[in-house]
Amino acid sequence: MRISRRSVAGLLAASCVMAGPFWATNVLAQPAKRQKPPPGALVYFHYPLDGLRVPERFTVRIGLRNMGVAPAGVEHAATGHHHLLIDTDPGPPGQPIPSDYNNIHLGNGQTEVVVTLPKGPHTLQLLLGDHTHTPHDPPVMSQKITIYVR
Amino acid sequence: MPSRALRLIPTLVPAALACAMAIALPVGEAAAQARAMQRSPAPATAKLSFVGLANNDRVSGKLTVRFAISGMEIAPAGQARRNAGHHHLLIDTGLPALDQPIPSDFNHIHFGGGQTEAEIALTPGRHTLQLLFADHAHVPHDPPVVSERITVEVAADPAEKPRTAAASGGRVFFIDLKDGATIPTRAKIRFGIEGIVITPAGTMSANGGHHHLLVDAEVPALDREIPSDFNHLHFGRGQTEVELSLPPGEHTLQLLLGDHEHVPHDPPVMSERIRVRVVDTVQAGSVASAAPVAGVGRARTAAPNDAAVYFIYPKDGATIFPSSTIRFGLRNMGVAPAGVAKPNTGHHHLLVDVPTPGLGEPIPSDLNHIHLGGGQTERRITLPPGKHTLQLLLADAAHVPHDPPVMSERITVTVMPGGRKSARRR
């Protein structure tokens, strides 16, 4: 596989993202075997973008580079399924992503989801999980963006 | 009055509604007390007229009416200003009482937002149009600022649509359903096609169209859109079968292919009209079960009716760099890698410069049919400069399109010459 400038940029972006609080927790004991993402894997928002003002009900569209989407439970190389984190930080990377109102699982392989949020600022972040909902190592996740619901 | 068959174009409706609400109270008061409202003065030089529309003009049923006012200014309803007001269009009606707010209905259209034009739809025949200016409270000025009352005529025949030519030899037919057959009240009707390809409504193609099933209906006029009602069923997404519920009794069925605008081809591609006898499911059970089994082709995976695949980038008509990332969107379904059979999932195929393939068989795999078997939702492709077509088609675990097929419109993009790469990166 040809490593293009683009995928290098992707790698850089991915490593910047995970350089934060994760490094510290990463050295802890890891119960689950975590999958390695392909080089250049990157998840990003098509919509909304950082700082955007959005209506209360809007569609989040998710882009994924250099990887594929597979429903939860399907073990397939270089795939995962999306999780939308609303107003929350990712949990410990070695643990399955919790399923609640703040951690929306797109377990059927969806690439977009309609969300309804109360007015005000909210943060959104995308995190890919493997077939067991566990983030990859290093995690494939987007930057945390802030949107304003009007 | 509502039966006037005059439809406001949707963008106008909120404005009209807002007006209606704004004057609801004053009208109620006026009716109760029948008192004259104070009228705002208007300069004698004020002049109101239509732009580009004269008395006895022949117009099409859907037209844009533009208003011109001189000597006064336009102010939205509710804002009291000297020598200002907003337009009202009176259709097929005389002047209302001048000391009352102008009524708000299908015949009195308010432009309380200060609009100076409106798209209106008129039924065939003769209609009168007149403009009346009114102040912040919708009451005409004193003296009233009113235009000449003009009469327009809407041609009885809507403009004939150009018909798409059909290749000779194209035909449609019912699969496993003969004239005089007996079917249950709920039966699966399958459509066959030969010599012409299925393309979804909205996608123009040289030799393509989509099915229409005429139930108990004569062949409609061939020079215009096939009607859309219970007797004319459209399969605009390229479906090739339908589960039809009919009351017991004799019915007729006929297939008619329509082009991207739902207009039959020239010559029309249609099946013969067959007669079927619908009987209650219990007696017909044996007949019904025989039909689907004898069907050709492999079973296709069902897709939700509201599923849709679309291009996030590029859009139709866009100019793109020779090497561009094509991004796919999928609504109401999920993505799964090839080989994974899971309900309501599939994987993308990007069709480059090829017509829609046969929907009953696996999508071919070659340079023009790009399989995204790993569940990818974007793909970087390199194309030579010039015009190219792109289409997305979702397929199930075995690469067979769903039923109904989940496919995008076929878009046309222009690849710009030169080897510079896209500057836009995420």
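In what order do the elements of chain A run from the N terminus on? They go α-α-β-β-β-β-β-β-β-β-β, and the secondary structure of chain A comes to two helices and nine strands. Here helices (H or I, at least four residues) and strands (E, at least two) are DSSP runs, numbered from the N terminus.

A quick note on the ground rules. This is a predicted model, where local features need pLDDT of at least 70, side-chain atom pairs count only at pLDDT 80 or more, and totals for chains, interfaces and linings use all residues. Residues are numbered from 1 along each chain as its sequence is written, while chains are lettered from A and ligands numbered from 1 in the order in which they are written.

**Chain A overall**

Chain A has 150 residues, and 36% of them are buried. A residue is called buried if 20 or more other C-beta atoms lie within 10 Å of its own, exposed if 12 or fewer, and partly exposed in between, with the C-beta atoms placed from the backbone. Of the contacts in chain A with a separation of 6 or more, 69% come from residues 24 or more positions apart. A contact means that the C-beta atoms of two residues, placed from the backbone, lie within 7 Å.

**One sheet in each chain**

Strands of a sheet pair through backbone hydrogen bonds, either parallel or antiparallel. For the pairs below, DSSP has to find at least two bridges between two strands.

In chain A, an open sheet of three strands has the order S1-S3-S7, with antiparallel pairing. Its edge strands, S1 (42-47) and S7 (112-116) of chain A, each pair on one side only. The twist averages 35° from one strand to the next; the axes behind such angles are lines fitted to C-alpha atoms, for helices over the stretch in contact, and angles run from 0 to 180 degrees between N-to-C directions. S3 (residues 57-65) of chain A and S7(A) pair over five bridges, and A:Arg61 stands opposite A:Glu112 in S7(A).

Chain B has an open sheet of three strands too, in the order S11-S13-S17, again with antiparallel pairing. The edges are S11 (171-175) and S17 (241-245) of chain B. Neighbouring strands of this sheet are turned by 30° against each other on average, direction ignored. Five bridges join S11(B) to S13 (residues 186-194) of chain B, and B:Val172 stands opposite B:Ile193 in S13(B).

**Where the chains touch**

How many residues of chain B are in contact with chain A? There are 20, and they meet 21 residues of chain A. On the chain B side, S22 (323-331) and S23 (334-335) each supply at least two residues, and S22(B) gives the most, with four. By class, that side has six nonpolar, eight polar and six charged residues. Nonpolar covers Ala, Val, Leu, Ile, Met, Phe, Trp, Tyr, Cys and Pro; charged covers Asp, Glu, Lys and Arg; the others, Gly among them, are polar.

Most residues other than glycine have a negative phi, and most peptide bonds are trans. These spots go the other way:

| Site | Backbone value | Loop |
|---|---|---|
| A:Asp137 to A:Pro138 | cis, omega about -5° | A:Pro138 between S8 (120-129) and S9 (145-149) of chain A |
| B:Asp266 to B:Pro267 | cis, omega near -5° | B:Pro267 between S18 (249-258) and S19 (274-279) of chain B |
| B:Asn56 | positive phi, about 65° | between S2 (47-51) and S3 (57-59) of chain B |
| B:Asp92 | positive phi, about 55° | between S6 (84-91) and S7 (108-110) of chain B |

B:Asn56 counts as exposed because it has 9 C-beta neighbours inside 10 Å. B:Asp92 has 17 inside 10 Å, so B:Asp92 counts as partly exposed.
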